[in-house]
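Subject: Model handover

Hi,

Here is the structure I promised to pass on.

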Amino acid sequence: MKLIESLRAEHALIDPVLGAFRTYVERLATGAADVADGGAFLRFFALFVGQFHDEREEQVLFEALVDVAELPRERGPIHAITQEHIELNACLRRMAPLLERGPQTDDEGQRLRSLATHYTQVLWRHIDAENSVLYVEGEERLARYGIAELPDRPPSAAEAAAQAEGAVLLQRYPPLHDLTLTRGDGCYLCRAHGRSCDGLEAEWWSELEWDDFHNR
């Protein structure tokens with residue numbers, strides 16, 4: 001499915017830019033980075049990630065999964081992913097003043113580090129959950145209802161410019177690899193598992209799928 005292929009390709013840029021952002025924040029907190037680049041990171045995350053990428057997930061892919069495949073909106077993977085979009089956008093808004101003018105005190109520098117760590121760790125695991133579970137299983141379920149393609153749109157001029165800025169920032173700031181974060185595929189590594197989602201099998205599987213599983 002071309003839309004899901006496009007979303008995966010966007011993850012391939014977003015993932016390392018998150019690491020570049022962590023490198024940038026460390027430098028900015030010590031006065032060793034250009035404050036103007038903070039605005040460029042904000043535009044990348046707000047316009048390319050939060051607007052272009054997330055909007056197509058929610059308004060096209062998720063709507064098809066709910067309306068066509070009859071999957072639940074208020075619980076399970078769709079609910080968990082949508083709630084994380086809200087959480088990430090709220091975190092980005094809290095970082096915005098610190099990125100736009102740069103931290104003015106040590107306390108502000110530490111606050112920016114803390115917010116950036118939270119934002120990147122949530123989004124990295126969010127990407128893993130989408131790539132390994134939601135996209136794979138969502139595409140399979142849509143195919144059962146005869147949906148092989150979903151509508152897509154190109155980025156706006158502002159979204160495309162933000163995407164291009166992200167690629168430049170990635171070259172400017174070598175991505176940090178967060179060794180404190182455990183990443184991987186599957187529901188059990190998703191931060192929502194056991195909190196707002198009981199896992200794919202519990203939330204999405206039908207009785208026929210469970211019967212087939214037990215018969216195997």
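Below are my notes on the helix packing, the cores and a few loop residues.

First, the ground rules. This is a predicted model, so to speak: local features need pLDDT of at least 70 and side-chain atom pairs count only at pLDDT 80 or more, while totals for chains, interfaces and linings use all residues. Numbering starts from 1 along each chain as its sequence is written, and side-chain values use heavy atoms, with hydrogens and water left out.

Helix packing

Helices here are DSSP runs of H or I with at least four residues, numbered from the N terminus. Axes are lines fitted to C-alpha atoms over the stretch in contact, with angles from 0 to 180 degrees between N-to-C directions.

Take H1 (residues 2–29) and H3 (residues 76–101): their axes come within 11 Å and cross at roughly 55 degrees. That makes H1 oblique to H3 (under 35 degrees would be roughly parallel, over 145 roughly antiparallel, 65 to 115 roughly perpendicular, and the rest is oblique). The H1 and H3 crossing is left-handed, meaning that the near helix is turned anticlockwise from the far one by less than a right angle. On the H1 side, Phe 21, Tyr 24 and Leu 28 meet Met 95, Leu 98 and Leu 99 of H3, where contact means heavy atoms within 4.5 Å. The residues of this contact are six nonpolar, no polar and no charged. For those classes, Ala, Val, Leu, Ile, Met, Phe, Trp, Tyr, Cys and Pro count as nonpolar, Asp, Glu, Lys and Arg as charged, and the others, Gly among them, as polar.

H1 also packs against H5 (157–172). Their axes are 9 Å apart at an angle of about 55 degrees, so H1 and H5 are oblique to each other, and their crossing is left-handed. From H1, Leu 13, Pro 16, Val 17, Ala 20 and Arg 27 meet H5 residues including Gln 163, Gly 166 and Arg 172. By class, the contact of H1 with H5 has seven nonpolar, two polar and two charged residues.

Cores

A nonpolar core is a set of buried Ala, Val, Leu, Ile, Met, Phe, Trp, Tyr and Cys residues joined through side-chain atoms within 4.5 Å. Buried is under 20% relative accessible area, exposed is over 50%, and partly exposed is in between (1.4 Å probe, protein chains only).

The largest such core has 38 residues, and Phe 21, Tyr 24, Phe 41, Phe 45, Met 95 and Tyr 119 have the most contacts inside it. Two or more residues each come from H1, H2 (36–67), H3, H4 (106–144) and H5, with the largest share, nine residues, from H1. Leaving out residues up to four places away in sequence, Phe 45 touches Val 17, Leu 18, Phe 21, Gly 50, Leu 92 and Tyr 119. A second, separate core of 22 residues includes Leu 61, Ala 64, Val 133 and Tyr 135.

Loop residues

Leu 150 sits in the loop between H4 and H5 and counts as buried, at 13% relative accessibility. Beyond its neighbours within four places in sequence, Leu 150 contacts Met 1, Leu 3, Val 60, Leu 61, Ala 64 and Leu 142.

Glu 70, in the loop between H2 and H3, is exposed at 61%. Although Glu 70 is not a glycine, its phi is positive, about 60 degrees.

Cheers
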